[in-house]
Amino acid sequence: MSDLTQTLALSASGMQAQANRLRHVSENIANADTPGYQRKMVSFEDVVQGGQSTGAVQTGPVTLDDRAAARIYDPSHPLADASGHYDGSNVDLVVEIADAREAQRSYEANLRMFDQAKQMQSALIELLRR
């Protein structure tokens with residue numbers, strides 16, 4: 001595989017990984033007010049082929065944040081216990097928004113690298129035609 005084609009593949013893997021990360025961040029934000037919801041976290045792993053790292057990245061297994069959920073006092077809530085409390089979610093919207101921005105910026109950086117490699121490949125093909 002040529003270096004430019006490999007660069008396209010590496011950039012595409014980074015964009016895919018960041019898109020998966022953003023999907024989980026979106027799920028966390030959507031469920032921030034869901035009682036008992038645990039925040040999902042995504043890790044990244046190197047793609048290994050033939051025992052060697054290819055430089056590509058993929059999302060690893062999704063893990064649940066083990067931080068304690070907020071205890072909310074609302075005796076009228078159907079999930080409230082005898083003391084009037086129930087477990088909320090452990091999603092912190094400030095953290096999720098920061099993660100979303102980081103994922104967006106990483107995605108855009110991979111997209112710029114993809115576009116640059118595509119332009120270089122097109123220029124190379126144009127030079128070879130002459």
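1. Confidence. This is a predicted model, and the mean pLDDT of the protein chain is 91, with 99% of its residues at 70 or more. Here pLDDT is the predictor's confidence in each residue, from 0 to 100. Where pLDDT is low, the predicted coordinates should not be read in detail.

2. Ground rules. Residues are numbered from 1 along each chain as its sequence is written, and side-chain values use heavy atoms, without hydrogens and water. Because the model is predicted, local features need pLDDT of at least 70 and side-chain atom pairs count only at pLDDT 80 or more, while totals for chains, interfaces and linings use all residues.

3. Fold order. The protein chain has 2 helices and 4 strands. From the N terminus the order is α-β-β-β-β-α. Helices (H or I, at least four residues) and strands (E, at least two) are DSSP runs, numbered from the N terminus.

4. Overall dimensions. The radius of gyration of the protein chain is 21 Å, whereas a compact globule of 130 residues would have one near 14 Å. That radius is taken over C-alpha atoms, and the globule rule is 2.2 Å times the number of residues to the power 0.38. The C-alpha trace spans about 80 × 30 × 15 Å along its principal axes.

5. Burial and surface. Of the 130 residues, 25% count as buried. Buried means under 20% relative accessible area, exposed means over 50%, and partly exposed lies in between (1.4 Å probe, protein chains only). The accessible surface of the protein chain comes to about 8,700 Å², and 54% of this belongs to carbon and sulfur atoms. Accessible areas come from the Shrake-Rupley method with a 1.4 Å probe; for residues, only the protein chains shown count as cover.

6. Contact means heavy atoms within 4.5 Å. Of the contacts with a separation of 6 or more, 55% join residues 24 or more positions apart. The protein chain carries 12 positive and 17 negative side chains, and the centres of the two sets lie 9 Å apart. Lys and Arg count as positive, Asp and Glu as negative; His and the chain ends are not counted. Each charge is placed at NZ of Lys, CZ of Arg, CG of Asp or CD of Glu.

7. E96. This residue sits in helix α2 (residues 93–129). E96 counts as buried because its relative accessibility is 0%. Leaving aside neighbours within four places in sequence, E96 is in contact with V25, N28, I29, R39 and V91. N28 is 68 residues from E96 along the chain, yet their C-alpha atoms are separated by 7.3 Å.

8. N90. Look next at the loop between β4 and α2, where N90 is found. N90 has 4% relative accessibility, so N90 counts as buried. Not counting residues up to four places away in sequence, N90 touches Y37, Q38, R39, D65, R67, A68 and A69.

9. V62. Strand β2 holds V62. V62 is partly exposed because its relative accessible area is 41%. Beyond neighbours within four places in sequence, V62 is in contact with H24, K40, M41 and V42. V62 and V42 are 20 residues apart along the chain, and their C-alpha atoms are separated by 5.0 Å.

10. L124. Helix α2 also contains L124. With a relative accessible area of 42%, L124 is partly exposed. L124 and G50 are 74 residues apart in sequence and 30 Å apart in space, C-alpha to C-alpha.
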